Amino acid sequence: MSETEVSLKTAALRGLLGRCPHCGQGKLMQGYLKQVEACSVCGEKFGHIRADDAAPWGTIIVVGHVFLPFAFMVDVDWMPVWAAMTMWSACFALLSLAILPRSKSLFLGILWQTKAPGYKQVEIVKSA
Ligand SMILES: [Zn+2]
């Protein structure tokens with residue numbers, strides 16, 4: 001497989017859309033946060049890639065730094081405090097749950113393109 005033919009931008013965009021970063025056709029995720037072992041269309045392997053805490057980190061950045069400021073612009077003074085707190089908690093929990101798998105697939109696309117799978121390659125360990 002020639003990963004270098006796909007640009008970082010394309011791989012990241014395909015990952016964000018949940019598609020195989022290599023061919024852009026097959027699915028990248030098989031569960032909520034589990035990636036496929038290999039693409040069903042082109043056969044590129046993804047099961048070995050470890051995104052670790054990049055996905056929650058990306059989710060926190062987007063939810064906490066992009067969406068949270070908008071919450072301060074919404075006037076909820078007419079609501080009881082308990083209702084406003086419940087509403088915002090539910091809103092941001094759902095937003096986080098929606099963004100987390102997209103964040104993971106985005107980072108999988110980036111990690112695949114940059115050949116940084118998140119583990120020490122066996123060949124390197126053996127030669128050391
Ligand atoms: Zn593919």
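A crossing is left-handed if the near helix is turned anticlockwise from the far one by less than a right angle, and right-handed if clockwise. Helices (H or I, at least four residues) and strands (E, at least two) are DSSP runs, numbered from the N terminus. The model is predicted: local features need pLDDT of at least 70, side-chain atom pairs count only at pLDDT 80 or more, and totals for chains, interfaces and linings use all residues. Residues are numbered from 1 along each chain as its sequence is written.

**Exercise 1.** State the element content of the protein.

*Solution.* The protein has four helices and zero strands. Read from the N terminus, the order is α-α-α-α.

**Exercise 2.** Characterise the packing of helix 1 against helix 3.

*Solution.* Axes are lines fitted to C-alpha atoms, for helices over the stretch in contact, and angles run from 0 to 180 degrees between N-to-C directions. The axes of helix 1 (residues 8-16) and helix 3 lie 7 Å apart, at an angle of about 150 degrees. Helix 1 is therefore roughly antiparallel to helix 3, a class for angles over 145 degrees. The crossing of helix 1 past helix 3 is right-handed.

**Exercise 3.** Determine how helix 2 is oriented to helix 3.

*Solution.* The axes of helix 2 (residues 54-73) and helix 3 (residues 81-113) come within 8 Å and cross at roughly 140 degrees.

Notes:
Parallel < 35°, antiparallel > 145°, perpendicular 65-115°, else oblique.
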